[in-house]
Amino acid sequence: MARNVVVTGGGTGIGYEVARRFAEAGEQVVIVGRRRAVLERAATDLGANVTPLVCDLADPDAVEDALAGLPEQVDVLVNNAGSRETVIGAGPHAVLARWRGDFERNVLTVVMLTESIRDRLTQGTGRVVTVSSIAALRGAGSYGAAKASLHAWNHFLAAQLGPSGITANIVAPGTVAGTEFFGPRLDDAEVSRRASRTLLGRIGETGEVAAAVYFLASPEAGFITGEILHCNGGELLGR
Ligand SMILES: NC(=O)c1ccc[n+]([C@@H]2O[C@H](COP(=O)([O-])OP(=O)(O)OC[C@H]3O[C@@H](n4cnc5c(N)ncnc54)[C@H](OP(=O)(O)O)[C@@H]3O)[C@@H](O)[C@H]2O)c1
């Protein structure tokens, strides 16, 4: 039977590839994001079993409103939506905006949705996969700190869901091309610089991260929980 899958940030980049993998496997997929046009285009491209749902996951009112558009039973939740706050500056207002922004965009987006639909996760086989970042291990200021807090939270979540047979895992990508994440900052020179930090001599592709997510969401991955799967070309060893 087709599983019900929710992919946040499924309109672009890594999330789009994740949604594509599930859709091609015949699953029912809801993709969540803030931009209606982007989601509708992605859903049209991906096929009839993909449904767009507009929601700013950092806004509790929007999350509450979106609950009616989500499946009553969720087999797989992929918490992929996130972004890096671009406010710069050293004064307290800029620091607060940057830290609060990164926390809201990368942590609250994940936690508010997951906690809100926790009771809908399928007993015995449910899967939660959350996308963090190599930045959680190597710094990157407020963004890295926000992603690192997902690692701590995921362990707590896995402990809570474990008795119900539901797993909760993290995929932590290194630099990945073909997304909107970096915008124009990821030029050729920056790609070369980042590629040279990996053991493979290249940056990653969206499909490679999607494959890691897809595996952790599979029935075969039922004995893996509370784990962090690093997908970074050997740039940094996992811990
Ligand atoms: N690309 C990389 O090198 C890299 C490396 C490590 C980790 N990551 C992580 O991978 C994940 C996916 O990023 P990506 O690289 O694929 O970039 P992306 O193309 O910018 O994808 C992010 C997606 O999240 C959605 N989103 C952002 N904030 C949201 C919110 N408040 N509510 C609902 N949807 C929201 C965006 O859609 P809307 O703008 O329409 O809302 C977009 O579709 C992120 O968590 C990112 O931190 C990326």
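Reader: How far does the backbone oxygen of alanine 23 lie from a polar atom of the side chain of asparagine 49?

Author: The model is predicted. Asparagine 49 sits in the loop between helix 2 (36–46) and strand 3 (50–54). Leaving aside neighbours within four places in sequence, Ala23 is one of the residues in contact with asparagine 49, as are Gly26, Glu27, Gln28 and Val29. From the backbone oxygen of alanine 23 to a polar side-chain atom of asparagine 49, the distance is 3.2 Å.

Reader: Is asparagine 49 buried or exposed?

Author: The cut-off for buried is under 20% relative accessible area. Asparagine 49 has 17% relative accessibility, so it counts as buried.

Reader: Glutamate 27 also lies in a loop. Is glutamate 27 buried or exposed?

Author: The loop that holds glutamate 27 runs between helix 1 (13–24) and strand 2. Not counting residues up to four places away in sequence, glutamate 27 touches Ala2, Arg3, Val5, Phe22 and Asn49. Because its relative accessibility is 8%, glutamate 27 counts as buried.

Reader: How far apart in space are glutamate 27 and aspartate 61, C-alpha to C-alpha?

Author: In sequence, glutamate 27 and aspartate 61 are 34 residues apart. In space, the C-alpha to C-alpha distance between glutamate 27 and aspartate 61 is 28 Å.

Reader: Which element gives the largest share of the largest nonpolar core?

Author: This core has 30 residues, and Leu70 and Leu77 have the most contacts inside it. Two or more residues each come from strand 2 (28–33), helix 3 (60–66), helix 4 (92–117), helix 6 (141–161) and strand 6 (167–173). The largest share is six residues, and it comes from helix 6.

Reader: How many residues are in the other core, which lies apart from the largest one?

Author: Val50, Val129, Ala210 and Ala217 are among the residues of this other core. Its size is 26 residues.

Reader: Which strands are included in what covers the buried residues of helix 6?

Author: The buried residues of helix 6 include Tyr143, Lys147, Trp153 and Leu161. Their cover includes helix 4 and helix 5 (135–138). The strands included are strand 4 (76–79), strand 5 (127–131), strand 6 and strand 7 (228–231).

Reader: How much of the ligand's accessible area does the protein cover?

Author: The ligand is surrounded by 28 residues, the closest being Thr12, Arg34, Arg35, Tyr143 and Val176. A ligand nitrogen is 2.9 Å from a side-chain N or O atom of aspartate 56, and a ligand oxygen is 2.9 Å from a side-chain N or O atom of lysine 147. A polar side-chain atom of threonine 179 is 2.8 Å from a ligand oxygen. Of the 880 Å² of accessible area that the ligand has on its own, the protein covers 95%.

Key
Residues numbered from 1 in each chain as written. Predicted model: local features only at pLDDT ≥ 70, side-chain atom pairs only at ≥ 80, totals over all residues. Heavy atoms only, no water. Core = buried A, V, L, I, M, F, W, Y, C linked by side-chain atoms within 4.5 Å. Buried < 20%, exposed > 50% of the residue type's maximum accessible area, 1.4 Å probe, protein only. Helix = DSSP H or I, 4+ residues; strand = E, 2+ residues; numbered from the N terminus. Contact = heavy atoms within 4.5 Å. Near = heavy atom within 4 Å. Polar contact = N/O pair within 3.5 Å; in protein donor to acceptor, adjacent residues only side chain to side chain. Areas by Shrake-Rupley, 256 points an atom, 1.4 Å probe, with all protein chains shown as cover.
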